[in-house]
Amino acid sequence: MKKYSVSILLICILNALINAQSIESKIAFKEGNNTYKNGSYDTALINYESSFSNDTSNFRAIYNMGNASFMKGEFEDARDNYNIFLNSSKNNTEKANTHFNIGNSYLTEYSQQLKEQSEQPNSELLQNAIDQYKTSLRYNSDDDARHNLSYAMRLLQQNKDQQNKDKQNKDQQNKDQQNKDKQNK
């Protein structure tokens with residue numbers, strides 16, 4: 001009889017520890033959501049990390065870490081978190097939303113580079129955004145994903161057109177310089 005009561009006691013203690021971690025995880029997750037809503041993305045990240053460390057099955061915390069990283073402009077970190085979430089998700093709507101967010105991270109990073117640089121940013125960012133929006137649409141038809149896909153495709157085409165125009169201008173300048181050189185000889 002004592003053997004059974006010790007086993008039951010151990011099971012109860014383990015269950016209490018598991019539930020305590022879940023409660024701590026839930027509290028940290030809720031606090032993360034509150035700080036995120038207030039725009040305190042650094043604090044939100046800390047809370048989401050705490051939530052996940054207390055309950056490693058809470059992949060929503062990883063997804064929200066992606067959102068907080070995105071809002072901080074840490075696009076690579078955001079994509080890393082989104083990809084971890086994707087690997088755990090079996091729900092098509094979640095996958096569509098996550099691919100949409102990854103696409104947004106590429107598109108936003110491209111836009112930021114465009115504002116900060118005098119030259120055209122890497123068009124690979126646009127191509128990656130396009131690929132993510134297409135993947136999102138494969139999981140779930142969504143007007144926002146279609147709109148962003150169309151927008152990214154227009155930007156990519158404009159980028160290519162500008163590169164072609166720049167190349168033509170450069171070629172023309174080279175020809176003009178060669179003609180001047182011939183005339184000076």
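Helices H3 (residues 59–72) and H5 pack with their axes 11 Å apart, at an angle of about 20°. Because an angle under 35 degrees counts as roughly parallel, H3 is roughly parallel to H5. Keep in mind as you explore that this is a predicted model.

**The chain as a whole**

- The protein chain has seven helices and zero strands.
- Reading from the N terminus, its elements therefore run α-α-α-α-α-α-α.
- Of the 185 residues in the protein chain, 32% are buried.
- The accessible surface of the chain is about 12400 Å², and carbon and sulfur atoms account for 48% of that area.
- If you take the contacts between residues at least 6 apart in sequence, 49% of them join residues at least 24 apart.

**H3 with H5**

- The crossing of these two helices, H3 and H5, is left-handed.
- Which residues of H3 meet H5? They are Arg-60, Tyr-63, Asn-67 and Phe-70.
- On the H5 side, the residues they meet are Glu-94, Asn-97, Thr-98, Asn-101, Asn-104, Ser-105 and Thr-108.
- Sorted by class, this contact of H3 with H5 has seven polar, two nonpolar and two charged residues.

**H3 with H4**

- H3 also packs with helix H4 (residues 75–88), at an angle of about 160° and with the axes 7 Å apart.
- Is H3 roughly parallel or roughly antiparallel to H4? The pair is roughly antiparallel, because angles over 145 degrees fall in that group.
- The crossing of H3 and H4 is left-handed.
- From H3, the residues that meet H4 include Phe-59, Ile-62, Met-65, Gly-66 and Ser-69.
- Arg-60, Tyr-63, Asn-67 and Phe-70 of H3 take part in the contact with H4, and these four residues also meet H5.
- From H4, the residues in this contact include Phe-75, Ala-78, Tyr-82, Ile-84 and Phe-85.
- By class, the contact of H3 with H4 has 10 nonpolar, five polar and two charged residues.

**H5 with H6**

- The axes of H5 and H6 are 8 Å apart, and the two helices pack at an angle of about 160°.
- That angle makes H5 roughly antiparallel to H6.
- The crossing of H5 and H6 is left-handed.
- Their contact has 11 nonpolar, nine polar and two charged residues.

**A closer look at Asn-101**

- You can find Asn-101 in helix H5 (residues 92–116).
- Is Asn-101 buried or exposed? Its relative accessible area is 14%, so Asn-101 is buried, the cut-off being under 20%.
- Setting aside neighbours within four places in sequence, Asn-101 is in contact with Tyr-63, Asn-67 and Tyr-82.
- Two of these partners, Tyr-63 and Asn-67, are H3 residues that meet H5, while Tyr-82 is one of the H4 residues that meet H3.

**A closer look at Ser-123**

- Ser-123 is found in helix H6 (residues 123–139).
- Why does Ser-123 count as partly exposed? Its relative accessibility is 23%, and partly exposed covers the range between under 20% for buried and over 50% for exposed.
- Leaving out neighbours within four places in sequence, Ser-123 is in contact with Leu-156 and Asn-159.
- Ser-123 and Tyr-110 are 13 residues apart along the chain, and their C-alpha atoms are separated by 7.9 Å.

Methods:
Residues numbered from 1 in each chain as written. Predicted model: local features only at pLDDT ≥ 70, side-chain atom pairs only at ≥ 80, totals over all residues. Heavy atoms only, no water. Buried < 20%, exposed > 50% of the residue type's maximum accessible area, 1.4 Å probe, protein only. Contact = heavy atoms within 4.5 Å. Areas by Shrake-Rupley, 256 points an atom, 1.4 Å probe, with all protein chains shown as cover. Axes fitted to C-alpha atoms, helices over the stretch in contact; angles between N-to-C directions. Parallel < 35°, antiparallel > 145°, perpendicular 65-115°, else oblique. Left-handed = near helix turned anticlockwise from the far one by under 90°. Nonpolar A, V, L, I, M, F, W, Y, C, P; charged D, E, K, R; others polar.
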